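Thanks for coming. I will walk through one structure, a piece at a time, and you can follow along on the screen.

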Amino acid sequence: LGALEKYNPYCFGWLSRSPVSKRALATKGFRNRRGVLDWRVSPGRGLFDAISPAAAYKAWTRKSDASATVIIGCNLGYGINQVLAHTPKTHKVIVVEPIADLLMTCLSQTDYRLFLRQKKLFFLPPDRHILREAAGHMDLHYLFGKIRILPDFPSYQLGPEYAHWTDEWKRLLEDLSCDMNTVRQQQGTMIENELKNFARARKDGCLLSLGGQAMGISAVVLGAGPSLDTFGPLLARNRGNSLYACGFQVLPGLQRYGLKPDLCMAIDYTKNMEQVYEGLDRKWVEDIPLIYSCKVQPSVVEAYPGPTLPLWTSGGIGTNIPRHLELVLSTGKGVGTALVRFLVWCGIKRLLLVGHDFAWPADRSHVEGHPSGKTSLTLDPERHETLKNREGKTIFSTLAYLAAQRELGDELERSGVSTFNLYGGGLVIRGAEAVSWKTVMEKGL
């Protein structure tokens, strides 16, 4: 436990807060009919009644080209020990065990201090935010190796939490895959854009003074989903007193309703952003500030007729900028998450999400006026996921959208800001209460 406190403090903190049962530690461990140390599932039955540890983990000893292994369920350490014994020192082993009593018993059976000290072995608590942070540090293993997930199937006898955390890790690695594919393909472009934008960014000013300046204010964050075509006109007629923010690509859609946001943000680094100007009345946006990531194409920023404010973002040059001199924001997987993080940093008290569908019901995935809104989509089983919304209707999405939806949900939960989602038939967002237009009006959201 001393080594765990030093090298795996998150897990140590979770164990310290968990009501570990001394009675369970004394009675659950036993030697089964094979004479093998076992963990009692129910009276007279252990984890390894049906199969011996040697047989259960035989496949785990096979040579693998993976550079990291994620194990869900520690049992009494049989599987962990096999992986540690059959992988090189550089191979990382991450273990998630949702039952504190069982983890304590596992730690009592094998001395893992050397592996913890070498930073080969990591124990993590069953906490989505901590696991997401850990997955983010596995970028090199993804880029230059492979990451394998090993569910401890004997532990599945103890409850559904093992399947849950296995699925959670799979989703986290899908998200990492989306991020790393972007890094592989576009890191050079993003850094080049930062260098070209550097002089303008120094001239345009700094966002740092806005920290905490939105205390007590409510905000509406407008997404580009097809439901904005339903709710945009309603908001234009019933604007209320909230601060309105949107992604740069949403401006042409909002222009159609006469719904002018108080600010917009651009984070997309591709030349596709230039297409936004094709459907945009430049006079209409002259008084809308554009917060632009320094990774955005310089041509997009130069063409903007209104005020421009630079935002340094994680990765590239932004990584090395002192935080006391500039706001450096991790924009995440979409402009929606970036806007939420920025507004929370500004001190916003309440959020209403509109047009954050992350899915579509028919042949158009974006609001009309968006550069992608004029594209008629045909279902592609290799790229599109078929899902059901909360009403049981069929909707379609992509892995990238699902990753962005999960990330936004994580951010909202972590922020603690009261958040409502004006639901328009897409995916439900964790951390945001789904509400109807009637509720928005009745509660003054």
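**Starting from one arginine**

R341 lies in helix α14, which covers residues 335-346. Before going on, note that this is a predicted model. Is R341 buried or exposed? Its relative accessible area is 15%, and buried means under 20%, so R341 counts as buried.

What does the side chain of R341 reach? One of its polar atoms lies 2.7 Å from the backbone oxygen of S330. The R341 side chain also makes a polar contact of 2.8 Å with the side chain of E411. If we leave aside neighbours within four places in sequence, R341 is in contact with L329, S330, T331, G332, E407, E411 and R414.

L329 takes us to the sheet. Strand β13 covers residues 328-329, and L329 in that strand is the bridge partner of T313. Strand β12, residues 308-313, is joined to β13 by 2 bridges, and these strands run parallel.

Now the whole sheet. It is open, has 9 strands and parallel pairing, and the order is β13-β12-β11-β10-β9-β8-β14-β17-β18. Which strands stand at the edges? They are β13 and β18, the latter being residues 433-435. Each has a single partner strand, so one side of each is left without a neighbour in the sheet. As background, strands of a sheet pair through backbone hydrogen bonds, either parallel or antiparallel.

Let me move to strand β9, residues 243-247. How many of its 5 residues are buried? The count is 4, so β9 is mostly covered. On one side, β9 is joined by 4 bridges to strand β8, residues 218-222, and they run parallel. Within that pairing, L222 stands opposite C246. To get from β8 to β9 the chain passes through helix α11, residues 228-237, and this β-α-β crossover is right-handed.

β9 also pairs with strand β10, residues 263-266, through 3 bridges, again running parallel. Here A245 has L263 in β10 as its bridge partner. The chain goes from β9 to β10 through helix α12, residues 251-257, and this β-α-β crossover is right-handed as well.

Back to α11 for a moment. This helix lies across β8, β9, β14 and β17, where β17 is residues 418-422. α11 runs at about 125 degrees to β14.

Next, the nonpolar cores. The largest one has 43 residues, and the members that touch the most others are L222, L228, F248, L251, L254, Y304 and V354. Take V354 from that list. Its contacts, apart from neighbours within four places in sequence, are V220, V221, L222, G223, L228, F231, L235 and L422. There is also a second, separate core of 32 residues, which includes L327, L329, A338 and L339.

N75 has a positive phi of about 40 degrees, although it is not a glycine. N75 is buried, with a relative accessible area of 0%.

F358 also has a positive phi, near 55 degrees, and is likewise a residue other than glycine. Where is F358 found? F358 sits in the loop between β14, residues 350-354, and β15, residues 384-388. With a relative accessible area of 16%, F358 is buried.

T110 is found in the loop between α6 and α7. At 23% relative accessibility, T110 counts as partly exposed. A polar contact of 3.2 Å joins its side chain to that of N81. For a sense of scale, T110 and D287 are 177 residues apart in sequence and 65 Å apart in space, C-alpha to C-alpha.

That is where I will stop.

Note on methods. Residues are numbered from 1 along each chain as its sequence is written. This is a predicted model: local features need pLDDT of at least 70, side-chain atom pairs count only at pLDDT 80 or more; totals for chains, interfaces and linings use all residues. Side-chain values use heavy atoms; hydrogens and water are left out. A nonpolar core is a set of buried Ala, Val, Leu, Ile, Met, Phe, Trp, Tyr and Cys residues joined through side-chain atoms within 4.5 Å. Buried means under 20% relative accessible area, exposed over 50%, partly exposed in between (1.4 Å probe, protein chains only). Contact means heavy atoms within 4.5 Å. Two strands pair if DSSP finds at least two bridges between them. A crossover is right-handed if, with the strands pointing away from the viewer, the path from the first strand over the helix to the second runs clockwise. A polar contact is a pair of N or O atoms within 3.5 Å; within protein, one must be able to donate a hydrogen and the other to accept it, and residues adjacent in sequence count only if both atoms are side-chain atoms. Axes are lines fitted to C-alpha atoms, for helices over the stretch in contact, and angles run from 0 to 180 degrees between N-to-C directions.
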